Each structure stands twice: as structure tokens, then as C-alpha cells.
Amino acid sequence: GFSPRGTWFYRTSIGLTLYAVNDLTAELRTLIDPNLTIPTAVAFAADESRACVGFGHRARVWRPHEPDAPSLHLKGHGAQVRAVGFSTDGRTVLTAAMDG
């Protein structure tokens with residue numbers, strides 16, 4: 001998929017791997033869940049300052065431009081996270097899971 005402004009191209013496997021759109025052969029960074037859970041959902045804030053990735057029963061929020069910065073770990077679901085998103089102003093993260 002592509003980030004909203006087209007800065008990043010991403011794919012999921014064991015994590016979220018980011019590529020620069022002008023060079024799809026070079027992996028820039030991979031955001032990996034410490035439990036090595038496969039991503040189920042991805043969303044970028046409109047300004048691309050943050051990416052939210054659903055992993056199993058939780059989600060994490062990263063700053064793609066600062067891959068070594070700690071991620072924000074979102075908890076609270078009792079089943080697999082199936083969708084993530086940001087509000088239009090980027091201040092709120094939304095998650096939806098199979099637990100309703």
C-alpha cells in the first residue's frame with residue numbers, strides 16, 4: 001500500500017516494511033511487533049508522522065521517520081484487531097477488533 005502523501009510504499013510480512021516510493025528495491029525500515037505477530041491492519045496519519053499497525057489483540061503506533069523511537073502500545077482488545085485508523089486531525093487513533 002501507499003501512505004496518504006505517497007512518501008512511503010509499504011508491505012506486511014512479519015512486520016511493516018517501508019520503502020521510498022522512488023526506490024522500491026531498498027527496504028528503509030521494518031517495524032516489528034516484539035511478539036513477532038503478523039500485522040492485520042495498517043493506517044497512516046494524514047501527515048504521515050505516525051503509522052498504526054494492528055498485531056493480534058493490540059496495535060502499535062510508530063513514527064516512521066524515527067524508527068528507533070519507542071512505539072506506543074495500545075491494549076484493550078480481547079480478539080484480533082482487524083482495522084486501525086486515525087481521525088482526520090491525526091489526534092485520535094481508532095481500532096476495531098473481532099471482540100466488538
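**Strand pairing and aromatic contacts**

Student: In S3, what is the bridge partner of threonine 17?

Tutor: The bridge partner of threonine 17 in S3 is threonine 30. Strands here are DSSP runs (E, at least two residues; helices are H or I, at least four), numbered from the N terminus. This is a predicted model, in which local features need pLDDT of at least 70 and side-chain atom pairs count only at pLDDT 80 or more, while totals for chains, interfaces and linings use all residues. Residues are numbered from 1 along each chain as its sequence is written, and side-chain values use heavy atoms, with hydrogens and water left out.

Student: How many bridges join S2 to S3?

Tutor: Five bridges join S2 to S3, and the two strands run antiparallel; strands count as paired if DSSP finds at least two bridges between them. They belong to an open sheet of three strands in the order S1-S2-S3, with antiparallel pairing. S1 and S3 are its edge strands, each pairing on one side only.

Student: Switching to rings, how many aromatic pairs are there?

Tutor: Rings of Phe, Tyr and Trp (its six-membered ring) pair if their centres lie within 6.5 Å, with planes under 30 degrees apart counted as stacked, over 60 as edge-to-face and the rest as tilted. By this rule there are four aromatic pairs. In one of them, phenylalanine 9 and tyrosine 19 have ring centres 6.1 Å apart and planes at 50°, so the pair is tilted. Phenylalanine 9 lies in strand S1 (residues 8-12) and tyrosine 19 in strand S2 (residues 16-20), so the pair ties together parts that are 10 residues apart in sequence.

Student: Is tyrosine 19 buried or exposed?

Tutor: Tyrosine 19 counts as buried at 6% relative accessibility, whereas phenylalanine 9 is partly exposed, with a relative accessible area of 22%. Buried means under 20% relative accessible area, exposed over 50%, and partly exposed in between, using a 1.4 Å probe and protein chains only. Another pair is phenylalanine 55 with tryptophan 62, whose ring centres are 5.9 Å apart and whose planes stand at 80°, so the pair is edge-to-face. Phenylalanine 55 is buried at 0% relative accessibility, and tryptophan 62 is buried at 6%.

Student: Which residues form one aromatic cluster?

Tutor: Phe2, Phe9 and Tyr19 form one aromatic cluster.

Student: Back to strands, what is the order in the sheet of four?

Tutor: The four strands form an open sheet in the order S4-S5-S6-S7, with antiparallel pairing. The edge strands, each pairing on one side only, are strand S4 (39-44) and strand S7 (72-74). Strand S6 (residues 58-62) is joined to S7 by three bridges in the antiparallel sense, and alanine 59 stands opposite leucine 74 in S7.

Student: And which strand does S8 pair with?

Tutor: Strand S8 (residues 81-86) pairs with strand S9 (residues 93-97) in the antiparallel sense over five bridges, with valine 84 opposite threonine 95 in S9. S8 and S9 form a hairpin with six residues between them, and glycine 90 in the turn has a positive phi of about 75°.

Student: Last one: where does isoleucine 32 lie?

Tutor: Isoleucine 32 lies in the loop between strand S3 (23-31) and S4, and it is partly exposed, with a relative accessible area of 39%.
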